[in-house]
Amino acid sequence: MILKLFFTLNILLTAFQPFISKESPITSSKPEIKSIYTDYPKDGTWVQIPKGTKKITFHVVAENTETILFWLIPTGTQTWTERKLIGYDSRENQTDKNFSLTWNIDRPYLYDHLYIQAIGDDRVEQDEINLYLE
């Protein structure tokens, strides 16, 4: 009896094998930050901004992203609560992967983290670069 049940189950599974896929057809919509850059050179993880600069443009290339948030956070420990949202950019169409923000530097010094949040359909990815005025 058990052997008969096993053969029946095996026949059914074999018959439906073409309909069973090992890979999910659902694609991930997780935001993915491909690059962050400015017009100024990087020194390791730090972007060197010349003293006297009044404006800087940040560029982000990201996939599966609706909106990019640009946060300025002071260096140091436990400074997340001191963050300041300096701007955002939203995609213009479904294929748009380029985001940017031109920020007016409103302080005489800069030694901060630029925290980037890429917001997708139901997920968020983040990355950061460090900024300082020479």
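Mentor: Let us begin with a pair of residues: Val60 has Phe99 as its bridge partner in S7. Keep in mind that this is a predicted model.

Trainee: What makes strand S4 and S7 a pair?
Mentor: Two strands pair if there are at least two bridges between them. Strand S4 (residues 55-63) and S7 are joined by seven bridges, in the antiparallel sense, so they meet the definition of a pair.

Trainee: Which sheet do they belong to, and in what order do its strands lie?
Mentor: They are part of an open sheet of three strands, in the order S1-S4-S7, and its pairing is antiparallel. From one strand to the next, the twist averages 20 degrees.

Trainee: Why are S1 and S7 called edge strands?
Mentor: Strand S1 (32-37) and strand S7 (98-104) each pair on one side only.

Trainee: What is the strand order in the sheet of six strands?
Mentor: That open sheet runs S2-S3-S9-S8-S5-S6, and its pairing is mixed. Its edge strands are strand S2 (42-43) and S6, each of which pairs on one side only.

Trainee: How do you know that S8 pairs with S5 and with S9?
Mentor: Count the bridges again. Strand S5 (residues 67-74) and S8 run antiparallel and share eight bridges, while S8 and strand S9 (residues 124-133) are antiparallel with nine bridges. The cut-off is at least two bridges, so both count as pairs.

Trainee: How many residues lie between S8 and S9 in their hairpin?
Mentor: Four residues lie between S8 and S9 in that hairpin.

Trainee: What makes strand S8 "mostly covered"?
Mentor: Seven of the nine residues of strand S8 (residues 111-119) are buried.

Trainee: Why is Gly87 called buried?
Mentor: Its relative accessible area is 12%, and buried means under 20%, so Gly87 qualifies. Gly87 is found in strand S6 (residues 84-90). Not counting residues up to four places away in sequence, Gly87 touches Ile68, Leu69, Phe70 and Leu101.

Trainee: And how far is the C-alpha atom of Gly87 from that of Leu72?
Mentor: Those two C-alpha atoms are separated by 9.5 Å, with the residues 15 apart along the chain.

Trainee: Is Gln48 buried or exposed?
Mentor: Compare the value with the cut-off once more. Gln48 has 17% relative accessibility, and the limit for buried is under 20%, so Gln48 counts as buried. Gln48 is found in strand S3 (residues 46-49).

Trainee: What makes the link between Gln48 and Asp43 a polar contact?
Mentor: The side chains of Gln48 and Asp43 come to 3.4 Å, and a polar contact needs N or O atoms within 3.5 Å, so the distance passes. Leaving aside neighbours within four places in sequence, Gln48 is in contact with residues including Tyr40, Tyr132 and Glu134.

Methods:
Residues numbered from 1 in each chain as written. Predicted model: local features only at pLDDT ≥ 70, side-chain atom pairs only at ≥ 80, totals over all residues. Heavy atoms only, no water. Helix = DSSP H or I, 4+ residues; strand = E, 2+ residues; numbered from the N terminus. Buried < 20%, exposed > 50% of the residue type's maximum accessible area, 1.4 Å probe, protein only. Polar contact = N/O pair within 3.5 Å; in protein donor to acceptor, adjacent residues only side chain to side chain. Contact = heavy atoms within 4.5 Å. Axes fitted to C-alpha atoms, helices over the stretch in contact; angles between N-to-C directions.
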